[in-house]
Amino acid sequence: MIMTTTPTLEGRRIAEYRGVVFGEVITGVNFIKDFAASIRDFVGGRSTTYEDELITARNQAMKELEDRAYKVGADAVVGIDIDYEVLGQNGSMLMVTASGTAVKFE
């Protein structure tokens, strides 16, 4: 499955649009990760704890997007957009949404 942020793919002609597809992931950050990140926030520097969580959530959202494109018979997903939101009373949940247009090539 070809997945791209561009609206077209060089050298390929889109024959059919199969609709907009999404991949959504909502993940909670547990107490230990939150505690480790708060220490990093206090002393400064990068929080690999949160970075790893973000990477995992993004990869899961992209995989879900790809799976849904396969289900509608697409060859590719073009125009992919990824959005991030923080949810929950204490901002302890992360939502990653990936969306794009499922297409079929000639």
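**Exercise 1.** In this predicted model, list the residues in contact with Val 21, leaving aside its neighbours within four places in sequence.

*Solution.* Step 1: set aside the sequence neighbours of Val 21; the contacts that remain are Leu 65, Arg 68, Ala 69, Val 72, Val 77, Ala 98, Ser 99, Gly 100 and Ala 102. The largest nonpolar core has 13 residues, and Val 21, Leu 65, Ala 69 and Val 77 have the most contacts inside it. Step 3: find the elements that build this core. At least two residues each come from strand E2 (14-28), helix H2 (48-71), strand E3 (76-87) and strand E4 (93-105). Step 4: look for another core. A separate one of five residues includes Ile 14, Ala 76, Val 78 and Val 103.

**Exercise 2.** Work out the strand order of the sheet and which strands stand at its edges.

*Solution.* Step 1: the open sheet has four strands in the order E1-E3-E4-E2, and the pairing is mixed. Step 3: E3 and E4 are joined by 10 bridges in the antiparallel sense; Asp 81, for example, has Ser 99 in E4 as its bridge partner.

**Exercise 3.** Is Glu 16 buried, partly exposed or exposed?

*Solution.* Step 1: locate Glu 16, which lies in strand E2. Step 2: its relative accessibility is 37%. Step 3: buried means under 20% and exposed over 50%, so Glu 16 counts as partly exposed.

Note on methods:
Residues are numbered from 1 along each chain as its sequence is written. This is a predicted model: local features need pLDDT of at least 70, side-chain atom pairs count only at pLDDT 80 or more; totals for chains, interfaces and linings use all residues. Side-chain values use heavy atoms; hydrogens and water are left out. A nonpolar core is a set of buried Ala, Val, Leu, Ile, Met, Phe, Trp, Tyr and Cys residues joined through side-chain atoms within 4.5 Å. Buried means under 20% relative accessible area, exposed over 50%, partly exposed in between (1.4 Å probe, protein chains only). Contact means heavy atoms within 4.5 Å. Two strands pair if DSSP finds at least two bridges between them.
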